[in-house]
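Please open the structure in your viewer and keep the selection tool at hand. The tour below goes from one selection to the next and says what is found at each stop.

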Amino acid sequence: MIALFLALQVAGSSAGTPAPIFLVVRDGQTTMSVPVTILGGEPSVRADVLMRAMKGMLITGTNLHYTLALPHARLYLIDGIPFAKLDSLTVPLSRAPQVLGGQLYLPFQFVSEVIPRYGGGYFYDVALGELRTFVVTAAARSPAPRVAAAPLPPVRRRASTPKLVVIDAGHGGPDRGMSGPIGTSPWFVEKDVTLSVAAKLATVLRARGVNVLMTRTTDTLIALADRGKIANTNHGDVFISVHVNAPGYNTAAGARERGFETYFLAEAKTEDERRVQDMENESVKFETGANAPKGDPLNFIITDMAQNEHLRESSDLAETIQNGLIDVHPGPNRGVQQANFAVLRGSYMPAVLVELGFGSNQSEATFLSDQANQRALARNIAESVIAYLAHYQSRIRGAR
Ligand SMILES: [Zn+2]
């Protein structure tokens, strides 16, 4: 037990904040204790136990989203993503929240820094390992609580105007992307449809007064890494990569796969997300020279803060686009997904990848090839982007 205690202390101090074995949550005369667990060498607490102790609630959403509903604040988390979100604020975390054995675990930094700062009426007493509700009598009883002092990195806000949307038509040149439908001599070619829809999207956005930059306007090959670079060099505000899906197997069951989905950058979580990720990252093999990304994309570790800052916004943008498409796409709605796309990796702005449907499916290939349908999809995505930008603008104004 002593050895364990020492291990806990060492682990705690290595994370920057000493963590107790049990966290005490004190609300007036009531106390509850929350066990502190060591995960991967770092102190962590179970989100549901912490929420119960704080008279709050852990709400499990879809797509690995979680909400911590506290009496005076709501914090949003995604499993595997080292950020918490609170209204317009994106708060970096020392480590990503993590689901183990069906339970969501939070880094202890959440208790020592994030909740005192953003939780609405709590302070953390390092000496006692105690999270206290902030009431006058409690403050009078123990003056000058030692709140963990390490400042959180500043939250970066983007400049307001003018807006530039970077549109990336997937594939091009020798990289044809997927072709289909399954069971016919292929007449549907992804690179042509992505370019056609991307061009229509650009037309609609320009007509609505938004600046647009396309990574390609002709049938050319652009390296995946260069697509992001083009966006960064021109200071894009939003990056949208347009693609068409195909299943991992050329069978009758594969031919029946249909629907649209929108991705944002994160490590792939499900087999299906991995399949799409691997398929889209295949384009790397068409690239030569120094720009071709190296290494196994599945082992990619998110290290670039400039990019990480936009994970939340990318997730919001993906939700907005995906929910908009319900109105014009026959479906099914396959939801917002996360995967580690090479094309999104190098873009330091909110970035998403839209899979418009399955070109491998006869009816969807026909739907996606139709010019009127392409215009409808483009108009719909444009409206979502404009709504997202307006929402973003109002959040920035609200924060001033
Ligand atoms: Zn593609």
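In which loop is H171 found? H171 sits in the loop between β13 (164-169) and β14, where helices (H or I, at least four residues) and strands (E, at least two) are DSSP runs numbered from the N terminus. Before going further, note that this is a predicted model, in which local features need pLDDT of at least 70 and side-chain atom pairs count only at pLDDT 80 or more, while totals for chains, interfaces and linings use all residues. Residues are numbered from 1 along each chain as its sequence is written, and side-chain values use heavy atoms, with hydrogens and water left out.

**The zinc site**

Stay on H171, which has a positive phi of about 65° although it is not a glycine. Most residues other than glycine have a negative phi, and most peptide bonds are trans. With a relative accessibility of 4%, H171 counts as buried; buried means under 20% relative accessible area, exposed over 50% and partly exposed in between, with a 1.4 Å probe and protein chains only.

Now select the zinc ion, which is coordinated at 2.0 to 2.5 Å by H171 (NE2), E190 (OE), H243 (ND1), E280 (OE) and E280 (OE). Donors here are N, O and S atoms within 2.8 Å of the metal (3.2 Å for Na, K and Ca), and water is not among the atoms, so sites may look incomplete. Along the chain, the donors follow the spacing H-x18-E-x52-H-x36-E. E190 belongs to helix α5 (residues 190-207) and E280 to helix α8 (residues 271-281), so this pair ties together parts that are 90 residues apart in sequence. Both glutamates are buried, E190 at 1% relative accessibility and E280 with a relative accessible area of 4%.

Select α5 next: 13 of its 18 residues are buried, so the helix is largely enclosed by the rest of the structure.

**The nonpolar core**

Select I240 and its surroundings: I240 touches V165, V166, I167, D168, I321, V352, V354, I381 and V385, leaving aside residues up to four places away in sequence, where contact means heavy atoms within 4.5 Å. The largest nonpolar core has 65 residues, and those with the most contacts inside it are V165, I167, L205, I240 and I321. Such a core is a set of buried Ala, Val, Leu, Ile, Met, Phe, Trp, Tyr and Cys residues joined through side-chain atoms within 4.5 Å. Helix α13 (residues 371-399) gives the most to this core, with 9 residues.

**Backbone stops**

The bond from G180 to P181 is cis, with omega near -5°, and P181 is in the loop between β14 (179-180) and β15 (188-189). The bond from G331 to P332 is also cis, with omega near 5°. H235 has a positive phi of about 55° although it is not a glycine, and at 64% relative accessibility H235 counts as exposed.
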